Amino acid sequence: MKKKMNVGLVFPAAGVLALAAELLIVNGRLEQLNILTYLLAIGIIPAAILFVSMLLYGAVSKGKAVTAYVLAIGMALVFSGVMLLYCGSAITPELVDTILANSVTSETTQVSMTAASAGDNIQSVLIFAAFAGMGAFLGSRIGRKKAPAAPAAEQDEYDNL
């Protein structure tokens, strides 16, 4: 018998497409960003996309929860890799100065941005892994609650002895 493709894989693929669309939109507006919108566009929105896509995959997928967790870690690595490549290629020191200039601060507040270190990059991978894992976990829990209960084993007449 031929095994069917898992329909739930549409959601991680849609998550990658949503990330690409979000990065295209952000790329056109990089000059207008301030610090908060930059952090929202580069950190929070991709993590939310990853969480939702893994939540939907876990809820719809009929496979084991371990499969959802493994896919979640893989998707976290893909998302963090895409974000690191995007930030490495699109964010220049001149753009960082523009983003800092767009940020409204008081005279007593100083805002600065520095290049990411290896620890920052590892931390971004861990944050994406946490969001993806939590989405897969909650989705698997939702999927198990929606699944019909297994029929109870029929009792044999000798079980009552």
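## Overall fold

The chain has five helices and zero strands. Helices are DSSP runs of H or I with at least four residues, strands are runs of E with at least two, and both are numbered from the N terminus. The order from the N terminus is α-α-α-α-α.

This is a predicted model: local features need pLDDT of at least 70, side-chain atom pairs count only at pLDDT 80 or more, and totals for chains, interfaces and linings use all residues. Residues are numbered from 1 along each chain as its sequence is written, and side-chain values use heavy atoms, without hydrogens and water.

## Burial and contacts

Of the 161 residues, 29% count as buried. Buried means under 20% relative accessible area, exposed over 50%, and partly exposed in between (1.4 Å probe, protein chains only).

Take contacts between residues at least 6 apart in sequence: 86% join residues at least 24 apart. A contact means heavy atoms within 4.5 Å.

## F79

F79 sits in helix 3, which spans residues 65–90. Its relative accessible area is 0%, so F79 is buried.

Leaving out residues up to four places away in sequence, F79 touches G15, V16, L19, P46, I49, L50 and F128. L50 and F79 are 29 residues apart in sequence, yet their C-alpha atoms are 7.7 Å apart.

## V78

V78 also has its place in helix 3. Its relative accessible area is 40%, so V78 is partly exposed.
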